[in-house]
Amino acid sequence: MRLLPFRTDAAFEAVHNPAEHLITDALAHRVVSIIAGEDLHLGRDTSWVDIDDNLAASDVEPALLSLFCRELNEERKRRGRAHFDEQLVEDAKRDILSNYYASCVRDLSPRVAEFIESELITEKGFRDSYAREDAVPSRLTDDELARLIGSRLVRLEEYHGAQRIELTHDVLTGVVRDHRDRRRAEEVRAAQAAHAEREKRALLDAAARREAELDDERRAGRRLRRLSTVLAMVCVVSVVLAVLAAINWRSADIARDDAAARSREIFAGRLTSQAQAMLAGDRPGGKLEALDKLLAAQQISTDPDLGALGTTLRNEARLHKVIDLVAQGGVLSADGRRIATHTPSGIKLVDTETAKPLGEPLAADGTVVATSPDGRYLALSHRDDIIRVWDSATGKPIGPPVTGGKNSLRAAAVSPDGNRVAASWGDHAGLWDARTGRKIGPSLGARVTQVLALAFSPDGNRLASAGTEKTVKLWDARSGAALGETVAAGDPRISRSEAIRSLSFSPDGHFIAAGGNTIGLGTLLGAGTPLRIWNADTGAAVGNPVTGNFGNVQSVAFSPDGGRIVTGGSDKTVRLWDSKTGQPVGNPLGLNAAVRYVAFTRDGDRIVAVADDTGQVIHADPAAALTTRVGGSRAIGPASVDTRQGVDSHTDRPRILVLRDDVLRRLDVDTGEQIGDVIVSEALRGGTQISFSPDERWLAVVGRDNDIRVVDVANGRQRGAPMKGHNDTLNTVEFSPDGKTLATGGSDNTVRLWDWAEGRQIGDPLTGHKYVVHKIAFSQDGRRLYSLSSDSVRIWDTTTRQPVGKAMESHFFASMTLSHDGRRIAVADDETIRQWDAESGDAVGEPFTGHDDPIDSVGYSPDGRYLVSASTDRTLRFWDAYTGGQIGQPIVTAPVGQTPLLEFSKDGRRVFIIAQGVSLDGKPPFVGGGIWQLPAPAAWWDALCDKLTSNPSDEKWKNWVSDDIPNTELCRGKPQA
């Protein structure tokens, strides 16, 4: 008869009560904790795939406990101690279990121990299992397996209908690993010794043969005999040296491997730190370099810092794409679609949407200084005093060169049709016909001022110029005639040093925005206006210009609807402004390098910025975050009083469930397209809870009357009469895995089981909860049912309808989730997460801490590696389910609304948030609500790669990562830059 595992309280009594005069309470608890394995998994380097078969750390195997106590007492007697002490217990921990394992395998074939040590624990020392049918008889005999089971070293467990062999307890993994490591070390030493012995024998044989030859030569004289003796001694010394060299070589080889592994981990950690410092602006380096460093560190390390990926995704949520321009920067078209950049093969136009080159490189000498708004026509400066316009569609210039001033070129602009070009050499600016090279009209501006910025209106009929004055001058772009001048606007404190460095017309041509310079040093710190806006028709100033330290604004652009303005400049930021007030909108976005050009994309939802050697595509919404509302939820709008939304993530194609009146629709979570037929049934009207059967043929519906109705999905007809029983609100309903049983939980503090096909309750209600039952869940095999109320989680045997194990109790349970392998339960307990063994109800590990306010919801990833939680502190957090460590930084969920429910997708790559809109005063407008998503840890690498358009070139790998480590593909399928 096999004894069932003790609970820790029962084990304590078994240790302490018979010998309370010999052992203190603390030492008795220590003995129990050693056998329960509570020292395990705390701070260990956890291997994900190895922990899934963990038993509860607080299970105590009676045979191990009895053996440990017996041997501990014998050791006490041998030492002549009157009572047990801490040193005695700790010494016993080291020796007794090791001796026990040795005794279990001592009389068996050595292959049995090798099987246990290679197959029942992982390389890192965690418990693993092995299929019985694969082990017997190829690895051990039936008799050997029976003896191991009889000695309580291993046991057979059912997993998905197959028997698997595993160690009886986690506490044994340490001694098995130690024996394995010693055995391997002995095998290495034995191999080394055998090799040395073979070498020695070969040398001795050679020496013996030589000695025989010397005997024949002894007649040659005494001198030869002496030489023979010396030679023999040299041979013996050579043997000894050879043996020592072999041993030292092997030890050095192992040490080198260990040192190399440690060096790689240190190097990966350094790369991660450098990348994070670059992204934070605390270390020189661009965004592309930082992201490549971060991904390289993940690839180099065997234990990568996954949290660094999550934190980067959170902090770089507005970054959509980084384009490697190879050369130093480029010129961006005003519509944000093209970047003209220089390459060894010529001038290349890069599509900002695809990051791919457009056509063949333009074989032209010179530097691109401006483009037409659509990027087709390029103004190239061949020398400081010559400009020529090229048509990128034909690859040819459209006219002769234009010769200007003798100073350095300060500004240039190309008309939308490419027929005119304006340029400024500081004190000399003009307008030219690009096709004939003829100058149009007089010079722009006076010689006492410098023109630093030029821009054509969208229709090409007007030209704006500005510079060291506080005004913008307007010109007829066809005749060159002056049209007018705006009023002066700027900061009077720096009237002589304030300049306009960039210009842009609004899409309708009625407004002009100008980017200026500000002062960041000295007594005038914070003086200057980064943005000024005028009415282009009247010349009147719009709004009140902001002053402050914003650096020099090198580029300015309107959004397609004219409502926003974007600026970029020397302070390495991209900023948004309200075009009607001139006031900033949202927080600035740092780009790690000075920003030379900015523009909105045509749809206005993104911004393109050129900084250093990258083009960066950015979300135009300053509130953009890692959490995004799914397309299907946006299509149907937020949930309301008469419309309920939910997510079914158990299918390969996640679905949104939308219930309104008597109609239930299933929609694609990403597109909002309908999946399958609409379910129409009067039973759905007023439904508060629903559950599909596993085969999706039936739908259980809880009505406002708290009755349960089952609907045929195919035709919407109700099956049988409503099932009645709960005398208060019914909060949850679930089908069993075989679809034959329904379970419900309600505010009457009861759980009930139903034979829904017969329309009757099975037995009496399951009682024991003190408060409302919020949630229920079946185990995968349907043998267990788990129920949650704020006071406890309880486990029920669905056959006997009796409680199993002990209740998991607390004062504030809010959410429960069952791991997909059915082994663990995670529960939100106020501000912490606690885990229990799903079979016994024993606690596993320490609580997970980090949230500042009560947790609303928790969920396991499908592989059980991660937990996700959402709290009323308005953050969502990911956790290592085995160590309890938080992965990355918290993700703010304030824009989402209240977060009552979290769900991982079936593939584990997304987390869905079913949220409720919130309002500060309880009235519209409501913030958030609907269904949102964010990438889960399993998708973080790919999510970061989605922001990159190429892998680093060999040169950049050497400069950014390492000369010694070969360049490897960081992002699958992407080209090398």
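Analyst: Happy to. Buried here means a relative accessible area under 20%, exposed means over 50%, and partly exposed lies in between. Please keep in mind that this is a predicted model.

Let's start with the disulfide. The structure holds one, and cysteine 945 and cysteine 971 form it, with their sulfur atoms 2.1 Å apart. This pair links distant parts of the chain: cysteine 945 belongs to helix α13 (residues 940–945), while cysteine 971 lies in the segment after α14 (954–960), 26 residues apart. The torsion about the S-S bond of cysteine 945 and cysteine 971 is about -80 degrees, so the disulfide is left-handed. As for accessibility, cysteine 971 has a relative accessible area of 1% and is therefore buried. Cysteine 945 is buried too, at 5%.

Now to the charged pairs. Side chains of opposite charge can pair when their charged atoms come close. The structure holds 45 salt bridges, and one of them joins the side chains of arginine 111 and glutamate 144 at 3.1 Å, N to O. Here again distant parts of the chain are linked, with arginine 111 in helix α5 (residues 110–119) and glutamate 144 in helix α7 (residues 142–150), 33 residues apart. Arginine 111 is partly exposed, with a relative accessible area of 35%, but glutamate 144 is buried at 9%.

Another salt bridge connects arginine 376 with aspartate 391, and their closest N and O atoms are 2.8 Å apart. Arginine 376 sits in the loop between β8 (367–371) and β9 (377–383), and aspartate 391 in strand β10 (residues 386–391), 15 residues apart. In this pair, arginine 376 is partly exposed at 31% and aspartate 391 is buried at 7%.

Aspartate 705 and arginine 709 also form a salt bridge, with 2.8 Å between the closest N and O atoms. Finally, a network of salt bridges links Arg127, Arg155, Glu157 and Glu166.

Key
Residues numbered from 1 in each chain as written. Predicted model: local features only at pLDDT ≥ 70, side-chain atom pairs only at ≥ 80, totals over all residues. Heavy atoms only, no water. Disulfide = S-S within 2.5 Å. Helix = DSSP H or I, 4+ residues; strand = E, 2+ residues; numbered from the N terminus. Buried < 20%, exposed > 50% of the residue type's maximum accessible area, 1.4 Å probe, protein only. Salt bridge = Lys/Arg side-chain N within 4 Å of Asp/Glu carboxyl O.
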